[in-house]
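Here is a short walk through one structure. Keep the sequence and the 3D view side by side.

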Amino acid sequence: MIKLQFLILLMILLVLTACNIQDYIIGEASQGKNDEVVQVDVEPIVPEPKEPEYYSASISAIGDILIHNSVYEDAQIANDQYDFTKMFRDVKPYLENTDLTIANSESIIGGQELGLSSYPLFNSPYEIGDALKEVGVDVVNMANNHSLDGGEQAIINATNYWNDLGITYIGASPSQEASREIKTLTANNIIFSFLGYTYGTNGLQTPVGKEYLVNYIDQEKMAHDIQVAKEISDVVILNLHIGNEYEQHFNDYQNQVAQFAADQGVDLVIAHHPHVLQPVKWYEGREGNKTFVVHSLGNFLSAQDMLYTKIGAIFQIRVNKAVSYDIEGNETVTINLTNPKLLPTFVKFRNWSNYEIIPLQKATNKDLANANTVYEKIKSHMSQYVPELQFIEEQFQENVPTSAY
Ligand SMILES: [Zn+2]
């Protein structure tokens with residue numbers, strides 16, 4: 001009996017031992033497997049590049065804001081008060097619907113304290129600045145042939161007023177220190193820098209030692225400024241006051257300066273001075289980069305009464321930024337410009353009053369003889385080098401019922 005009990009005990013012991021051995025073997029095998037798993041876990045530590053990021057912002061630009069006396073007289077609402085906002089009512093939706101808007105302040109806003117004046121030496125009321133602010137203008141170019149019309153004091157007054165409005169001014173400076181700063185604005189994670197230069201100032205000279213007051217087209221200085229702008233921003237936008245007045249085509253010099261800008265790596269050139277529209281064109285820079293050039297944006301608001309000086313435009317373009325990363329985390333920024341668009345505009349007025357900027361498409365035969373033919377001519381003129389240039393028409397039609405409320 002005892003023998004039997006001993007045998008049973010012995011068998012139980014053997015089974016248990018076998019289990020332990022098996023456990024041990026499995027355990028050892030699992031241990032080995034775990035080692036392999038650890039090794040598999042190590043592999044993802046090898047760094048993978050960060051996912052690329054994409055950003056996009058829209059830009060709009062308008063040409064000359066050139067305030068002749070009949071325009072500011074029309075805007076006068078009281079003895080010393082002016083209100084230009086009603087002149088912009090029809091075009092405001094196209095200016096405020098983009099992330100950044102640029103205008104050329106052709107007649108300097110020296111304010112009433114310096115005495116308002118018209119051609120040939122302009123000085124405009126501050127309130128035109130208020131109207132530009134109200135329609136969404138973010139940047140004004142001050143480098144043009146009228147920059148020195150009111151002397152140094154007008155530049156000081158104007159730059160103070162733009163500062164008060166929170167509008168970035170470029171192309172003219174009240175001090176040496178201010179002239180060294182390259183202005184930037186950020187929209188949707190894209191840093192834009194803005195530069196502005198003029199061919200001249202109607203024979204008026206900057207006072208000796210105050211050359212900083214106005215930026216003149218000087219390729220050496222421009223190349224330097226563009227390099228600095230490229231270091232501190234993603235996108236460089238260059239304003240140029242250049243070309244021959246009343247000519248509908250850009251000349252060789254404009255073409256050469258546009259090519260220079262492309263070679264320097266400028267992304268977008270907005271040009272003005274001819275008072276009429278000149279075509280848009282892509283340029284290829286020496287690095288294979290592409291630059292979009294609007295050769296002349298014409299007048300946006302003025303009392304010039306020749307047919308083509310009444311026609312201007314709102315230009316729009318989309319700026320796309322892609323940021324890609326390598327394994328070390330170094331980033332590469334790629335910029336490309338797409339969807340260039342134009343809304344041709346018309347300055348409507350009668351008897352030197354009731355100034356209004358309207359979409360050209362909306363002009364009737366009473367406003368302008370053969371209005372529709374003129375509109376179609378402007379479309380083919382502006383898109384002759386850029387067939388993909390779109391015209392803002394559907395949006396305008398959609399807008400009709402909205403503005404009728
Ligand atoms: Zn000009």
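Which residue in strand 12 does Leu268 stand opposite? Leu268 faces Phe292.

This is a predicted model, in which local features need pLDDT of at least 70, side-chain atom pairs count only at pLDDT 80 or more, and totals for chains, interfaces and linings use all residues. Residues are numbered from 1 along each chain as its sequence is written.

Start with the pairing. Strand 10 (residues 268-272) runs parallel to strand 12 (residues 290-297), with three bridges between them. Strands here are DSSP runs of E, at least two residues, numbered from the N terminus. Two strands pair if DSSP finds at least two bridges between them.

Now widen the view. An open sheet of six strands has the order 7-8-9-10-12-11, and its pairing is mixed. Strand 7 (183-187) and strand 11 (277-284) stand at the edges; each has a single partner strand, so one side of each lacks a neighbour in the sheet. From one strand to the next, the twist averages 20 degrees (axes are lines fitted to C-alpha atoms, and angles run from 0 to 180 degrees between N-to-C directions).

Next, the core. The largest nonpolar core holds 96 residues. Such a core is a set of buried Ala, Val, Leu, Ile, Met, Phe, Trp, Tyr and Cys residues joined through C-beta atoms within 7 Å. Buried means 20 or more other C-beta atoms within 10 Å of a residue's own, exposed means 12 or fewer, and C-beta atoms are placed from the backbone. Val269, Ile270, Val294 and Leu301 touch the most other members. Strand 14 (residues 311-325) gives the largest share, six residues.

Finally, Thr338 lies in strand 15 (residues 331-350). Thr338 is exposed, because 11 other C-beta atoms lie within 10 Å.

Conventions:
Helix = DSSP H or I, 4+ residues; strand = E, 2+ residues; numbered from the N terminus.
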